[in-house]
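Hello,

Here is the structure I promised to pass on. Please open it first; my notes follow below.

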Amino acid sequence: MSLLLALLLPQVVAPQLPAAKRALPPHSPSYVATQSGLAQPTFEGGRTEFECADVDGDGHVDLASVGDHGSPLIGSTQHGIMIWRGDGARGWSLAMSGDFGYGGIAIGDVNGDGLADVGYGVHHAYAAGDLGDQLLEVALGDGTGTAWTPWDDGLASTGETWGMFGTDFGDVDGDGDLDVGSNSFGCCAGIRVYANERDGTWTPSFVGAGVNSDMDLSFCDLDGDGHLDLAASNSAGIAYRGDGSGAFAPAGLVGTDYAGLSVGDVDGDGADEIATVTGGQPHVRRWSAGDVWTDLVVPAGPGTYERTQLCDLDVDGDLDLAAFGRGTLSWWLGDGAGSFGAPESLATPGANTKYAEAFEASADLDHNGYPDLLVLQDESGLFTGGHNELYAVYETSTPTKLTAQPLIPRPNATWRGGQARFVTWASAVPDAILGLGAGAGIATIELSTSGRAGPWIPLASAVPNSGRAQIVVPSGIASSDCFLRVSVLAHGATATGTSFGAFRLLP
């Protein structure tokens, strides 16, 4: 389970100097799309959101959703919180809880017990009981992925109407726990952010204008100051800067090209860019002082894209761009300075015109050391109605040795003491290890505030090697020469990796 540490722990001197770069040759990703293990439940149509994280603590990434327009049970077999528990070898087991749905979802530990919890914004809040009777909720998990307890007093209390959708967790007020934000389902509830009081109650933190929306929302750091900002597919404004107290102000990016939103630092300056889709092409924009936004150059692809994702597909330390729409999945490898190579593409399986209803690229589903992607596409061939099908798009390489490589925090990022943050890493676990029954292994996360050589401060130990852990950033540290070290142990084999570049801590 994730280990949350609010206090600085004793220093540990590194036994050796880790390599400055990942000890694998440059990699050119390739992919195969399959529905194997994901044919259930029967979806209907319309948008949804997927989150990838280890919900049951076994070290394998699971999938989470609250379904599309058919949830709960409108021309479909889906309902409530849906968890596809992964076995790390492309096998999936579905569990569904509750009678509500159609919306977005987030995963994190909101009450500090080390277990994965969920937050969700929905359009169909039909449930008769407490679980699923609000448009925005949080529910505590018991570590199995099959049972959930409402933890939602005060949510959906600021005039939310019709429905909420895209949902994210982030520590917007820097007090060490996760807060929740959600964007409206269409018009007109706007953006809502609530602060976590850590006793099952939530306090309104920010209310955005109730205007047209394309449903997505992500917490990020647009100006690189270490306070969480947010980006939302919202016609009143796409970008909002946070002040660290839970309040947000518009950051000057207003327009109609807000669909297909994703966020990430593609130019390595420590501040996140925003990707959207304009005229069927991906569009990446960079913030600068004065709330000025500059377009980065993205070589044109087929021009049928509807969704984007910013992620490190080749695990070289530089963020890449992926886009999907109308049956075409493309990716552009980034150079870490804001430029992208020419796109490579593949056609997704399935019949008819394939509208993009969900697209996610945040986790390694099969332990080969590279992120995989999820696609939910409407194969009805109709603009309305709908017949969605879910596919996993697996990166095809086969690992030969155990590896570990920290990914987040990225170089030049700023984190602040006392914040709850997610650390992520990539780890290849060869079949020879997985096949010995040891699972994916366990990971130890350490911090150096004095450069790549250490000394090292433990942040988390014996966490599942799923590629993500939630920590509380140690307080009282001011350093611009910080590195993370992740060490993985699996069935007697060990691997250690260090951050690609230095990041900054502020007290």
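Of the 507 residues of the chain, 64% count as buried. Please keep in mind that this is a predicted model. The chain holds 1 helix and 37 strands. Its radius of gyration is 21 Å, close to the 23 Å from the globule rule for 507 residues, so the chain is as compact as a globular protein of that length. The C-alpha atoms fill a box of roughly 60 × 45 × 45 Å along the principal axes. Take the contacts between residues at least 6 apart in sequence: 59% of them join residues at least 24 apart.

Now the charges. There are 21 positive and 63 negative side chains. The centres of the two sets lie 7 Å apart. The structure has 11 salt bridges.

One of them pairs R47 with D216, at 2.9 Å from N to O. R47 sits in the loop between strand 1 and strand 2, and D216 in strand 14, so this pair ties together parts 169 residues apart in sequence. R47 is buried, at 7% relative accessible area. D216 is buried too, at 13%.

R286 and D267 form another salt bridge, with the closest N and O atoms 2.6 Å apart. R286 lies in strand 20 and D267 in the loop between strand 18 and strand 19, so the pair links parts 19 residues apart in sequence. R286 is partly exposed at 24%, whereas D267 is buried at 12%.

R326 bridges to E306, at 3.9 Å between the closest N and O atoms. These two residues are 20 apart, each in a loop between strands. R326 is partly exposed, at 42%; E306 is buried, at 18%.

Finally, shared partners join R47, D214, D216 and R307 into one salt-bridge network.

Best wishes

Notes: Residues are numbered from 1 along each chain as its sequence is written. This is a predicted model: local features need pLDDT of at least 70, side-chain atom pairs count only at pLDDT 80 or more; totals for chains, interfaces and linings use all residues. Side-chain values use heavy atoms; hydrogens and water are left out. Helices (H or I, at least four residues) and strands (E, at least two) are DSSP runs, numbered from the N terminus. The radius of gyration is taken over C-alpha atoms; the globule rule is 2.2 Å times the number of residues to the power 0.38. Buried means under 20% relative accessible area, exposed over 50%, partly exposed in between (1.4 Å probe, protein chains only). Contact means heavy atoms within 4.5 Å. Lys and Arg count as positive and Asp and Glu as negative; His and the chain ends are not counted. The place of a charge is taken as NZ of Lys, CZ of Arg, CG of Asp or CD of Glu. A salt bridge is a side-chain nitrogen of Lys or Arg within 4 Å of a carboxyl oxygen of Asp or Glu.
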